[in-house]
Amino acid sequence: MSNTDVWKTAAEVETCIQGMGNDLTTLLEVRRIDKPLMIGVHTGGVWLAQCLHDQIALTDPLGQLDISFYRDDFTRIGMHPQVHPSRLPVSVDNRHIILVDDVLQTGRTIRAALNILFDYGRPASVLLATLAERDGRELPIEPNLVGLRARLEPGQQIKLTGPDPLQLVLGRIPPGRGGNNGPAAASS
């Protein structure tokens, strides 16, 4: 991404995350889910998941997924990922999962994350929480919990930077890079 500007400051992101934690607690109560397993998608989703995990005081360790090799556009976009191991500290079988990502756009990152989850087992349910949702969905994937919504111009991307502080930046994709830049552009 080039020509970035702060879209949401660290204070605004923190306020948003606090609201998401409150909304998530309510959603879990309504659905009668008492011991969910939270899993963040590398990298920004893990940062966000850690904040939410701490806020709602979950007892199981936070899980982490790296979807780099599960992306359906891996060869097309020429990614050279920094691969992080996926870490699921407990079995996902029959567990209620809270899947957390930073920015939801196309839905392809979440599709890849679901593929990985089902490689590990069969969850009872999966809730999707995302800090920012933007237009441009290519797959029928909708979050259960959203912090912020954005309508962007063609060629614009949102990216979560951090982890200290967490803030959202708005930038333009350099010419010739296309609309999906992989994890660095946070176009999930």
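A: One term comes first: buried means under 20% relative accessible area, exposed means over 50%, and partly exposed is in between. This is a predicted model.

Q: Fine. With that, is Cys 51 buried, partly exposed or exposed?
A: Cys 51 is partly exposed, because its relative accessible area is 29%.

Q: And Cys 16, buried or exposed?
A: Cys 16 is buried, at 11% relative accessibility.

Q: How many disulfides are there?
A: The structure holds zero disulfides.

Q: On to charges. How many salt bridges does the count give?
A: The count comes to seven salt bridges. As background, side chains of opposite charge can pair when their charged atoms come close.

Q: What does Arg 108 pair with?
A: Its side chain meets that of Glu 138 in a salt bridge, 2.7 Å from N to O. Arg 108 is in helix α4, residues 108-120, while Glu 138 is in the loop between β5 (125-134) and β6 (145-150). The two are 30 residues apart, and the pair links distant parts of the chain.

Q: Is Glu 138 buried, partly exposed or exposed there?
A: Partly exposed, at 47% relative accessibility.

Q: Which residue does Glu 133 bridge to, and at what distance?
A: Glu 133 forms a salt bridge with Arg 149, at 3.0 Å from N to O. Glu 133 lies in strand β5 and Arg 149 in strand β6, so this pair ties together parts that are 16 residues apart in sequence.

Q: Which residues are in the salt-bridge network?
A: Glu 133, Arg 137, Glu 142 and Arg 149 are linked in a network of salt bridges.

Q: What else is Glu 133 in contact with, leaving aside neighbours within four places in sequence?
A: Its contacts include Leu 104, Pro 143, Val 146, Leu 148 and Ala 150, along with Glu 142 and Arg 149. Glu 133 and Gly 147 are 14 residues apart in sequence, and their C-alpha atoms are 7.8 Å apart in space.

Q: What does Arg 172 bridge to?
A: Arg 172 meets Glu 153 in a salt bridge, again by side chains, at 3.0 Å from N to O. Arg 172 lies in strand β8 (residues 167-172) and Glu 153 in the loop between β6 and β7 (156-161), so the pair ties together parts that are 19 residues apart in sequence.

Q: How exposed are they?
A: Arg 172 is partly exposed at 32% relative accessibility. Glu 153 is partly exposed too, with a relative accessible area of 47%.

Q: Change of topic. Where is Ala 49?
A: Ala 49 is in helix α2, residues 44-55. At 0% relative accessibility, Ala 49 is buried.

Q: What is it in contact with, beyond four places in sequence?
A: Ala 49 is in contact with Met 38, Gly 40, Leu 62 and Val 100.

Q: Last thing. What is the mean pLDDT?
A: The mean pLDDT is 87, and 83% of the residues reach 70 or more. Over residues 177-187 the pLDDT is below 50, though this stretch has 34 contacts in the model beyond near neighbours in sequence. Where pLDDT is low, the predicted coordinates should not be read in detail.

Terms used
Residues are numbered from 1 along each chain as its sequence is written. This is a predicted model: local features need pLDDT of at least 70, side-chain atom pairs count only at pLDDT 80 or more; totals for chains, interfaces and linings use all residues. Side-chain values use heavy atoms; hydrogens and water are left out. A salt bridge is a side-chain nitrogen of Lys or Arg within 4 Å of a carboxyl oxygen of Asp or Glu. Helices (H or I, at least four residues) and strands (E, at least two) are DSSP runs, numbered from the N terminus. Buried means under 20% relative accessible area, exposed over 50%, partly exposed in between (1.4 Å probe, protein chains only). pLDDT is the predictor's confidence in each residue, from 0 to 100. Contact means heavy atoms within 4.5 Å. A disulfide is a pair of cysteine sulfur atoms within 2.5 Å.
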